[in-house]
Each structure stands twice: as C-alpha cells, then as structure tokens.
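Hi everyone, thanks for having me. Have a look at the picture first, and then we'll talk through it.

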Amino acid sequence: MSDEIFVVAYEGDDDSSNVLDYAIARARKDGAALHLVHVLEWSAYSFLTPQEIEERHARRKQELARAKSAILDPALAMVEAAGLPATGEIRYGQVVELIAEIATAKSAAMIVVGRSGSNSVAARVFGSVPIGLAQIAPVPTVIVP
C-alpha cells in the first residue's frame with residue numbers, strides 16, 4: 001500500500017455506484033486509500049424565520065444521522081469489502097469548496113467525482129460540481145461518467 005489518498009465526492013444516488021466502482025478499482029491498482037465525502041448543501045444566504053433558526057440544530061442532527069446511515073456507512077462497507085482502507089465524512093456547505101479543502105487537508109493525490117451532480121437551474125447558471133472542481137481542485141480531478 002502506498003500513502004496515497006483519493007478523495008471521493010460521493011452523492012449516494014444511483015449514479016454514485018459508477019463513481020465508487022471506479023474509485024475502488026483505481027485505488028486497488030495504485031495501492032491507495034479512499035476518503036469518501038458526502039456534502040449536504042447549505043447556504044449561509046438563506047433567510048430563516050426565528051422558529052426555523054430554533055429548529056435548525058435538531059434538523060441538522062437528523063440529516064447528518066440519516067446521511068451517515070443511509071449513504072456513507074453502506075459506501076464505506078463496500079470499500080472495506082473490496083479490501084481497501086477507507087474513511088469518510090459528512091459535511092455541510094458548498095460542495096466544490098469543501099471537496100477542494102478536504103483534498104488539500106488530506107494531501108490527496110486525486111479527486112474522484114461523478115459527472116451528473118445537480119441538474120438545477122442554479123447548477124446550469126453557476127456551474128456544476130465537476131466543472132467547479134476541475135477549475136479549483138488542488139490535485140487532478142477524475143470525472144466519472
């Protein structure tokens with residue numbers, strides 16, 4: 001095993017299996033470990049009522065717990081079943097910036113991301129996650145179809 005780490009931007013949807021399969025195959029070939037990251041998008045610019053602010057903390061804890069059990073834990077189990085070392089984390093924030101930040105902090109050799117991402121109007125206007133990562137990533141970014 002090398003000391004290389006590949007950061008995997010993992011959404012947990014149907015298209016994510018391609019991303020995870022590619023990351024596992026590439027990590028196995030290169031002797032690397034995987035660090036799976038699932039980002040719950042959050043905008044600091046949303047306007048909340050006082051009641052929503054009070055409820056926000058409880059909802060955030062519920063969302064994190066659900067994402068861990070439904071998305072991250074099964075993905076980590078798949079990587080470990082493939083015989084590879086894996087870690088993971090769930091974060092709140094802007095996907096592109098967080099993935100790039102985590103790749104830097106982990107001294108990652110590569111970022112692996114799916115090409116689909118969001119199909120929203122905002123994504124089409126402001127750019128998608130793969131395009132954003134290709135522009136700002138501190139390491140090579142592999143976009144998996």
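Let me start with a question: in which helix do Asp30 and Arg26 lie, and how many residues apart are they? Both are in helix H1, four residues apart, and that's about one turn of the helix. Keep in mind that this is a predicted model.

So what's going on with that pair? Asp30 forms a salt bridge with Arg26, with the closest N and O atoms 2.8 Å apart. In general, side chains of opposite charge can pair when their charged atoms come close. Asp30 counts as partly exposed, at 26% relative accessibility, and Arg26 does too, at 27%.

The count of salt bridges comes to four. Another one joins Glu101 and Arg91, at 3.1 Å from N to O. Here Glu101 sits in helix H3 and Arg91 in strand S3, so this pair ties together parts that are ten residues apart in sequence. Glu89 comes in as well: Glu89, Arg91 and Glu101 are linked in a salt-bridge network.

Okay, now the inside. The largest nonpolar core has 25 residues, and those touching the most other members are Val8, Leu20, Leu34, Leu36, Val79 and Val112. At least two core residues come from each of S1, H1, S2, H2, S3 and S4. Which of them gives the most? That's H2, with six residues.

Last stop, the surface. Glu11, Asp13, Asp14, Asp15 and Glu41 form a negative patch there. Glu11 is in the loop between strand S1 and helix H1, and at 37% relative accessibility Glu11 is partly exposed.

Conventions: Residues are numbered from 1 along each chain as its sequence is written. This is a predicted model: local features need pLDDT of at least 70, side-chain atom pairs count only at pLDDT 80 or more; totals for chains, interfaces and linings use all residues. Side-chain values use heavy atoms; hydrogens and water are left out. Patches are made of residues with over 30% relative accessible area and no salt bridge: like charges are joined within 9 Å, nonpolar side chains (Val, Leu, Ile, Met, Phe, Trp, Tyr) within 5 Å. Accessible areas come from the Shrake-Rupley method with a 1.4 Å probe; for residues, only the protein chains shown count as cover. A salt bridge is a side-chain nitrogen of Lys or Arg within 4 Å of a carboxyl oxygen of Asp or Glu. Lys and Arg count as positive and Asp and Glu as negative; His and the chain ends are not counted. The place of a charge is taken as NZ of Lys, CZ of Arg, CG of Asp or CD of Glu. Buried means under 20% relative accessible area, exposed over 50%, partly exposed in between (1.4 Å probe, protein chains only). A nonpolar core is a set of buried Ala, Val, Leu, Ile, Met, Phe, Trp, Tyr and Cys residues joined through side-chain atoms within 4.5 Å.
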